[in-house]
Amino acid sequence: MEMIYDLFRHTIQNLAQNGLLPNSLTYTFVINALLCALLIGPTLGAIGTLVVAKRMAFFSSAIGNAALTGIAIGIILGEPVASPYVSLFAFAILFAIFLNFSRNRSGMSHDTLIGVFLAASLAVGSTLMLSVTKKINVHILDNFLFGSIITASSSDITLLVVAVGFAVFIGMKNYNRFLLSGLNPSLAAVRQVPVMKYDYIFVILIALITVASVKIVGAVLVEALLIIPAAAARNISRSLKSFVIWSVLISTVSAVTGILLPMQLELSVPTGGAIIIVATLFFIATLIIRMIRRQ
Amino acid sequence: MNNPTRGPIVTCSNLSMNFGKNRVLDGIDFIANPGELHCIIGPNGGGKSTFIKAILGQMHHDGKIVLDWPSAPGKIGYVPQNIEVDKTVPLTVENFIALCVQDQPAFFGVSKKIKTEIDRILARVNMQSKKKLLFSELSGGERQRVLFAQALIPSPDLLILDEPMNSIDRTGAAIFSELIGELKAQGVTVIWVHHDLAQVREMADQVTCINREIIFHGVPSEVMDEKHLLEIFTAQPVREAL
């Protein structure tokens, strides 16, 4: 894998040195971040259309917060401070499964249940984080909370490649089943879709892609990149095809612009914040288009 | 008739079901035969939809439900009461049908393999000219026609309709009746939860009235007399319907 990354980096660096790409792309860490953006953007954009259509925006927000607790647990258990992935993945996936299990079995209102889980994960995560800050440099936690391009390493990219590959494969193969089971579970079941099984696969998919993106976008904002591009695309789309295409485009452009623009303008802005601000601008623009069309 | 025994014999024996401590179905015995339109009627909250979900294998229950197919298990078509589509999700009629009937992601468009079939069925329910419209732009009756259309792809051997005519217009009702008549003639088993008593009398071969338990069942012209119906419905709608 390293050879492929090197080839990609050298190509980009040569283009930047020859003035064909922005000067900031002469730096390896920026290219790493760009690679991550090109992986995260389209994937979160496409999966986001399902999250929005299945009305699971609040759910993905809870998963994002659960990532905080996962990071803290990983550091407490002695995992590398810059990449506590075992605890991060394990906790987020278990959290997603438990939340979905409770949602299916309790009969409680989804919003109430997710609200409780969201608050609880934030409370546990922030409490553990406080104990962790005594042991490590607090700025490392900032990277996880709000995203950082400096810390994206080759191993982070490899992890993203695997997570994105898995998400694309599962998402493409089961897109119709995921959506239909959200629209009408009885109809989906008649169509041979094991609804409960696909519910679990979908929440695990969200947990996986959320956690894999935490390093770049940040735990606090990662769910926003799942939701905002899809919400913006929804404002201007007249079919499922345009919905997915616009969502992927907005998400990718937001991720790339959010990483490169602060570098070009020499602004001290966290990556996650910049990405989400760009995505929000797209949302506002599409909202205006929608309002004009409705008049 | 192409094949008079295409559908299964659907048999329920002593079917009972509880929601917590509430008994919603109690000792239901039921049989529906191939080539037969069997209507289920009864008051709201009487357990009709629950009964349908039990037949579809989606509810835990006591008692026995058997689908006795003439050969290998065939296709089941299901028309739900309604479908909750977020008004802002850009799902067209064609997208929705594709979502139901193909493996290829619906955002890639309709698969070439079944495009002709989808167009044919949409034409049958008078919705072909509206296939590019969003689901949110359809009237209640048009939505029902789309829901009915998806149940016909692939051609079902057992068709189950869960009160789909709540909001359908006169034209839609005529289309439903015509298509169900054709399916019956092909030997399909049709079970239809229906609230239009006049139409049940006109179309059904058998009728079963459920209000937690079986109130009556048999041939509509024999069992749907005013006395029976007044036992379960209020007088005003029955007189109007009859």
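I began with the second largest pocket: helix 7 and helix 8 of chain A, plus strand 5 (76–79), helix 2 (93–101) and helix 4 (140–151) of chain B, each put at least two residues into its lining. Helices (H or I, at least four residues) and strands (E, at least two) are DSSP runs counted from the N terminus. A pocket is an open set of 1 Å grid points where a 1.4 Å probe fits, with protein on both sides within 12 Å along at least five of seven lines, and lining residues have an atom within 4 Å of a point.

This is a predicted model, with pLDDT of at least 70 needed for local features and 80 or more for side-chain atom pairs, while totals for chains, interfaces and linings use all residues. Residues count from 1 along each chain, chains are lettered from A, and side-chain values use heavy atoms.

Which residues lie nearest the centre of the second largest pocket? I found Ala189(A), Val190(A), Arg191(A), Gln192(A) and Val193(A), out of 26 lining residues. Its space is about 580 Å³, taken as what probe spheres set on the points fill. Domain 1 (1–75 + 155–242) and domain 2 (81–154) of chain B both contribute to the lining, so this pocket lies between them.

Next, the largest pocket: its volume is about 780 Å³. Of its 24 lining residues, His110(A), Ser181(A), Gly182(A), Pro185(A) and Asp199(A) are closest to the centre.

Technical notes:
Domain bounds come from an automatic or database domain assignment.
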